[in-house]
Amino acid sequence: MAKPLGNRNKGLSKSVEERALSKKMEDDQKKRPAGPAPYFHKDCISNILIWLPLESLSSSRFVCKPWYNIINSRTFIDSHFRRSESVLIFLKSVSRGRSYPYSRPDPFAMTSMPEEQGNTFSVEVALLQSNLNTVPIFGPHVTGSSSKFFIQFMEFKEGKIKVGKYNVSCLGNIRATCNGLILLDNHVKKGLIVMNPVTRKLLTLPLGTLCNYHKESYGFALNHVTGDYKLVHLFRDEFEYVTCETLDLATRSWRAVNGPLFGLFNWFGHSPVSAIGALHWIPQLDNSDFIVSMEVENERFHCIPLPHRCTTHDRVMEMGGLLCFVTHEDLNIDIWNLKSVPEGIWTKQYSITKGSLIDMVPLFSLRISGDVIFRRKEDGSFHAYDFKSEVMREFEMDKERNLSSGSYLPHVNSLLSWTPSHHMSD
């Protein structure tokens with residue numbers, strides 16, 4: 001049965017009125033001045049900010065005071081650290097017609113690189129312009145040095161290597177790393193610098209006992225008992241004894257401690273590894289039967305026998321909170337772990353039987369995925385072993401070719417600082 005004509009007209013008239021009212025509200029909204037942004041709980045904002053890439057996160061703290069407080073809070077800093085994957089940090093030469101010799105082709109090699117941009121933070125210029133121990137996050141441009149380096153890092157993601165940039169330049173070498181902090185040579189005033197390349201905060205420290213670069217080793221670790229960061233300096237004195245001195249960042253002064261037994265160290269070629277509350281050194285170039293460990297809290301040295309003799313391509317590394325010895329056994333790569341320095345008992349954890357090659361040097365373990373990263377001596381290629389799929393995969397290189405002016409060191413990009421309020425909580 002058809003509806004009366006009057007009802008249809010009323011419905012049509014009502015529809016026209018609703019559309020007119022909706023258009024009027026839209027026009028009024030456009031004319032109205034912009035009001036405050038919708039309210040979001042700080043936990044919601046924190047969960048969004050924590051997924052930002054480094055460069056965006058650093059600038060986001062200056063958007064507004066609430067964001068600044070969130071990003072600088074201990075809770076946010078700790079959460080960001082726990083979800084941050086391991087990287088390799090290195091120095092890239094700002095070379096001007098200068099190349100560095102390599103015994104074999106390097107996949108990141110190049111002969112020159114453009115001048116740095118105006119937003120580059122120079123460690124040395126920042127120190128010269130400040131009489132304080134810390135400097136602001138943004139600093140001046142530096143030019144004119146033929147021995148300048150960019151601090152950069154390599155990310156290992158989804159089968160590819162991506163080179164990341166801090167836009168930070170320096171003149172000194174990276175001596176050690178710990179929890180996102182790096183130890184640098186201070187070329188402005190003879191000494192050392194502790195720096196977070198993400199936040200660009202700096203702390204100047206006195207130099208340890210002067211020594212030939214090849215006759216010393218610096219370690220950097222967190223004392224989990226006191227919550228303070230500690231530097232350990234091993235060096236060979238004029239009588240060929242290996243002597244030790246330590247510095248707590250809280251006091252910023254060196255003090256001598258009892259060093260390792262005479263004759264244990266033949267060289268300082270490998271950087272020490274921080275794990276299970278101690279620093280660990282492989283003390284010989286080849287055929288070492290033991291490692292030398294120093295407990296960070298009580299500063300006691302131990303000589304710990306290895307389960308197998310350490311060869312040129314073997315290393316120790318931190319993996320899953322334990323100290324691991326990664327060694328080549330015939331055509332396999334065996335992984336042993338150590339849970340306690342005083343006990344000194346190694347347990348075989350895993351054996352890589354697929355895709356391993358004799359010239360694969362273990363570099364470090366990814367702290368989130370757990371993969372072990374290797375680099376081949378023959379061609380410099382990087383490989384990762386996935387324990388879940390039991391597959392060794394080669395990484396694709398980033399399009400940009402980079403020159404590492406020295407060694408690659410394991411690192412974590414974090415917002416942590418050396419101050420107690422910014423330490424990682426347990």
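In this predicted model, Gly172 is buried, with a relative accessible area of 0%. That counts as buried because the cut-off is under 20% relative accessible area. As for where it sits, Gly172 is in the loop that links β4 (160–170) to β5 (174–178). Once residues up to four places away in sequence are set aside, Gly172 still touches Leu91, Glu124, Phe149, Leu184, Asp185 and His187. Asn186 is worth a look too: 14 residues separate Gly172 and Asn186 in sequence, and their C-alpha atoms are 6.3 Å apart in space.

Leaving out neighbours within four places in sequence, the contacts of Ser84 are Arg367, Ile368, Val412 and Asn413.

Now for the nonpolar cores. In soluble globular proteins, nonpolar side chains tend to be buried together. Here, the largest nonpolar core is made up of 51 residues, and Val123, Ile151, Phe220 and Leu249 have the most contacts inside it. Take Leu249: if its neighbours within four places in sequence are ignored, Leu249 is in contact with Val194, Leu203, Leu205, Phe220, Tyr229, Leu231 and Trp418.

Key: Residues numbered from 1 in each chain as written. Predicted model: local features only at pLDDT ≥ 70, side-chain atom pairs only at ≥ 80, totals over all residues. Heavy atoms only, no water. Core = buried A, V, L, I, M, F, W, Y, C linked by side-chain atoms within 4.5 Å. Buried < 20%, exposed > 50% of the residue type's maximum accessible area, 1.4 Å probe, protein only. Contact = heavy atoms within 4.5 Å. Helix = DSSP H or I, 4+ residues; strand = E, 2+ residues; numbered from the N terminus.
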